[in-house]
Amino acid sequence: MAEPIIKSKQAQKEVNGISTEIVCTEFSNYIFVLLTQYGKIGTLISVTPDSRSNDISTPAFSTKVLLGKDEPLTHVCAKNLALFVSQEAGNRPVLLGLALKDSSLDTIKQIKELVKDCKVW
């Protein structure tokens, strides 16, 4: 049986009493991760490895909001959630859809574990 061209997984779980949906999709040149507590894509953020980093062992990542709220907390959450995805996927760029009602540190930690379980790369 042929392998699918696009690999995708989805999950739904309660995080701090809020229904949270996760969709992870692998494309040839990037990973798409959608995290929503609203049932919408929300803010779309591109997280890419920065090739200008001096230390190869810990690459720097840059974030760019493509659609939605461009706030400092958005960039912090995006880097925190997408960093390990990109590193595990061979430093590929990550496109992250983020629509969270609760963006507390505890919620981000729980969501990070859910994303690990939804691994497609």
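Visitor: What should I know before I start?
Guide: This model is predicted, with local features needing pLDDT of at least 70 and side-chain atom pairs pLDDT 80 or more, while totals for chains, interfaces and linings use all residues. Residues are numbered from 1 along each chain as its sequence is written, and side-chain values use heavy atoms, without hydrogens or water.

Visitor: What's the mean pLDDT of the protein chain?
Guide: The mean is 90, and 93% of the residues reach 70 or more (pLDDT is the predictor's confidence per residue, from 0 to 100).

Visitor: And where is confidence lowest and highest?
Guide: Helix 1 is lowest, at a mean of 91, and strand 6 is highest, at 97 (DSSP runs: helices H or I, at least four residues; strands E, at least two).

Visitor: At what angle do helix 1 and helix 2 cross?
Guide: Roughly 25°, with their axes coming within 10 Å. Helix 1 is therefore roughly parallel to helix 2 (angles under 35 degrees count as that).

Visitor: New topic: how many residues line the largest pocket?
Guide: There are 13, with Thr-43, Lys-69, Thr-74, Leu-98 and Leu-100 nearest its centre (a pocket is an open set of 1 Å grid points fitting a 1.4 Å probe, with protein on both sides within 12 Å along at least five of seven lines; lining residues have an atom within 4 Å of a point).

Visitor: Which element gives the largest share of that lining?
Guide: Helix 1, with three residues. Helix 1 (72–88) and strand 6 (94–99) each supply at least two.

How values were computed:
Axes are lines fitted to C-alpha atoms, for helices over the stretch in contact, and angles run from 0 to 180 degrees between N-to-C directions. Angles under 35 degrees count as roughly parallel, over 145 as roughly antiparallel, 65 to 115 as roughly perpendicular and the rest as oblique.
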